[in-house]
Amino acid sequence: MPSSTTVKLPDQLVRQLHSFRRRLRTVKMLEAVCLAGIAVILSYIFLYLSDRLWETPSAVGWILFFTAVAGLAVFIPLWSFRWVWQRRKEAQLARLISRTDPALGDRLLGVIELDSEKYGRQYSSEKLKAAAMEQVAREVSARDLTVNIPRPSHKKLFILLAVLALCTAGVCLVTPEAAGNALERWLRPFNPPERYTFTQLDPTPDSLVIPLGESSLYELRLAETTKSRPQTGEYFFHNRVRQQAPLADGAYKIHIPPMQQPDRLEFFAGDIARRLKIIPKARPSLLGATATVAYPAYMARPDGHEAMRAGVISAPAGSTLTLEVTASQDLLSAATAQGKPLRVKGSSVIIPDIRLEKDPQEIELTWTDRDGLAASQPVRIRLEPIEDKQPSIYLRGGENDRYVLEDTSIELEVEAADDFGLREMGVEWQGEKSFYDDEEENGSAAPDPAKAGKPVPGLRGEKVLADGHPTQTSLKGTYLFQARALKLSPQRVVVRGFTQDYKPGGNRVYSEPMIIFVLSKSEHAQMIRNELERITSELEGMIRRMDAMTDEARRMKGMEGSELKNSETQERLHALADEEQANRRELGDLLNRSEDLFKEASRNSQIDPSGMKEFMKGISMLKPIPNGPMRKAQNQFRSSASENRSAQDSRKDLDDGESSHSDATQALKDAMNQLSKSAQDMEASTFVARLKQAAAKEDSIANALVGQINIIVGMTMDELDPSTKREMETIATLQNASTQDISWILEDLSYYKSRTEERIYSDLYNQMNAFSLREKLDLVHGNILNAITARSIDESRLYASTLRHWAKLIDDYKKNRGGGGGGGGGGDQNSISDAEFEFMLKIIRMIQQEQDIRMRTRAAEQEHRKAPTPPAA
């Protein structure tokens, strides 16, 4: 069966529907364009108005931007889709018409369905369909379909758009800067320029650093390009009252109170608003300063560093300083008080090439940190020139005055110090004018003809112990002094340490002098005897005090029991115990001195062994006393004074204490007698040596005159050459010293003969007085000063022979007397024999010599180590 055809819509109806569609599209597209334009203009206007009131937040700018974009890029396509794409077919148009005219819309929709393939086949009569379509077409042809366009508002929207556009144009004409700024901010929400305001301020930072804990004044100044000049601004801090800031001299002055914590400042004037973060911060302060010091050239020192102490940097005058002043934070700039800029490095200010003269200088500078904070007051640093002082040196070696034998070694300690470097350190010695004198071990005086008569005019010498360095400020060393190694005869020697620094024109600096008396064996023996007599004299004084204590104890023994226990007696007993304790300490000191003296005496082979033996016996007698009967007496006196003891017990303790004290006193008397006998034996033995030494000196004077006789024969003292005259005066001085020695021998012999019963000393004293040796030696002194040389030579030799004769008399007497009769100890079986003691004395001397050799060997080894090692071949 053939398919049925569908009846087509009438052409007139189709044309009406197409006309309706065109009109619909036109109206709705105009509406879309107007709405989009209104959205864009409103977005811009809103931003413009917002900027006049405040700093439009970035989020609002983005919202306004996206609103405009939505109007252009989203709303128009959506509107077009709705009113163009979805209204392109006749059926769609009929449905749209039915919204405003349901009857017409339904009839048009029914006709359109008859025309469609889908619905038209339901009706088998073609004529009926055509008739229906014609009927609807005739009804529609008389009507205007465009009135059915829903809510056409394009004219109103266009008018609104035109009004907004005109207003916007007016705003742009009146305020082109603000309009242009708003347009740029509207177009660039991602990176908007700074908001334009009619009230304009000079640029300000986002944060303001103020001094910590200080009030400050901050100015917000109007820019020259400002359009508005509000006479009053307002500002406030966080959680504080709003305050007024009047316009003065083109600026608003804001008073910032003292702050300890960060805060926020908000300022409003006209249409501008400024917000600043207030950061309290400590001002940059002085932390310290150091100076790199280029020392004066003469010091030869590398550059050093001096730190500031109490605001002062000290350096030697003549130095060149590079000053580095350190602040508490990084700096932006620094300048001198005169405004000269200085180099800044981080938190330090570098000031180079400061010449330090003799007068102090003061460096004053100001600085500003990276946040613009300046120091509260100018920084001042004082530069003090210090003088290159003389070095100091100390010489140590025991007592200031030392008495030693010429073959004894003394270790001296030398220490030097300087502030800027030592050149050297050493020791020098200066002897007195003397003649060579050589005493043999056996005590005989036989001058060496090759040496005798040769005056030693104050031998002087020195030794550099250590070389310094410009940077070495201290030196230490030791020096082993031995008179014999230095060829110094017995005499008074002045020893001084010396040192020198690098200061131009500076002289040596010397220590306090140490006087060393180099003694001959006879002089040394005399010194030992004198010291022993002093010890004996002190023991004698102690014995007198102890006798008085004995009397006091015996008086208290006779008291009644009640009287013995009263407070006054108890105090007296305590005083006895205290005095006994003091005596113990004093006796201990005397015992130590005695032992040291014995060691010193053992060095001298000229001291009679018998006297040394008595000396040792006296020391042995002293040793048990302090910790024996004296300690016992002290404890018993103290116990007797105890309040807890009964009267009977106190009396018994007092009896025992008095008995122990008496025993100690008697033991002291026995020891003192023993030491006195030892001193007498030593004194007797020294007379022989002293007489021989005096004879040797007279021989030396005679030999010295022999050396001058050929030069001065036939001449007076005034006619002599100055050097020869000075030599004769030196010989006369030594003759005068020899005469003085003879006087002392006579004086000591006078005292000794009165204490001993040996007739030889009385006879010798009478002979020496009868010979008038002192007066004759005075005449020799006068002859030497008058250049009477031959007679002086003969007389000196005669008197030397006479002195030897007297010495021989004593020596022969002692030999004939033998070793007996000198003990005084009563033949104690435990006592050591003379032969054993002499052997022991030799052992002691050998040990002392060995110690001396070790000291000299050590000193020589140290010298060897200091010597530079020669380079290998």
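Tyrosine 235 has glutamine 243 in strand S4 as its bridge partner, and this bridge belongs to the pairing of strand S3 (residues 232–237) with S4 (residues 243–248), which is antiparallel and extends over four bridges. Strands are DSSP runs of E with at least two residues, helices are runs of H or I with at least four residues, and both are numbered from the N terminus; two strands are taken to pair if DSSP finds at least two bridges between them. The model is predicted, with pLDDT of at least 70 needed for local features and 80 or more for side-chain atom pairs, whereas totals for chains, interfaces and linings use all residues. Residues are numbered from 1 along each chain as its sequence is written, and side-chain values use heavy atoms, with hydrogens and water left out.

S3 and S4 are among the strands of an open, seven-stranded sheet with mixed pairing and the order S1-S7-S6-S3-S4-S5-S2. Its edges are formed by S1 (207–211) and S2 (216–221), each of which pairs on one side only. On average, neighbouring strands of this sheet are turned by 30° against each other, direction ignored.

Strand S20 (residues 422–431) is mostly covered, with eight of its ten residues buried (under 20% relative accessible area, with a 1.4 Å probe and protein chains only). S20 runs antiparallel to strand S23 (residues 460–469), to which eight bridges join it, and glycine 426 has valine 464 in S23 as its bridge partner.

Among the helices, H9 (residues 521–557) and H11 pack at an angle of about 165°, with their axes 10 Å apart; axes are lines fitted to C-alpha atoms over the stretch in contact, and angles run from 0 to 180 degrees between N-to-C directions. H9 and H11 are therefore roughly antiparallel to each other (an angle over 145 degrees). The contact of H9 with H11 comprises 16 nonpolar, four polar and ten charged residues.

The axes of H11 (residues 567–601) and H12 (residues 609–622) come within 10 Å and cross at roughly 155°, which means that H11 is roughly antiparallel to H12. In their contact (heavy atoms within 4.5 Å), H11 residues including Leu587, Leu591 and Phe598 meet H12 residues including Met612, Phe615 and Ile619. By class, the residues of this contact divide into ten nonpolar, one polar and one charged, where Ala, Val, Leu, Ile, Met, Phe, Trp, Tyr, Cys and Pro count as nonpolar, Asp, Glu, Lys and Arg as charged, and the others, Gly among them, as polar.

Terms used:
Parallel < 35°, antiparallel > 145°, perpendicular 65-115°, else oblique. Buried < 20%, exposed > 50% of the residue type's maximum accessible area, 1.4 Å probe, protein only.
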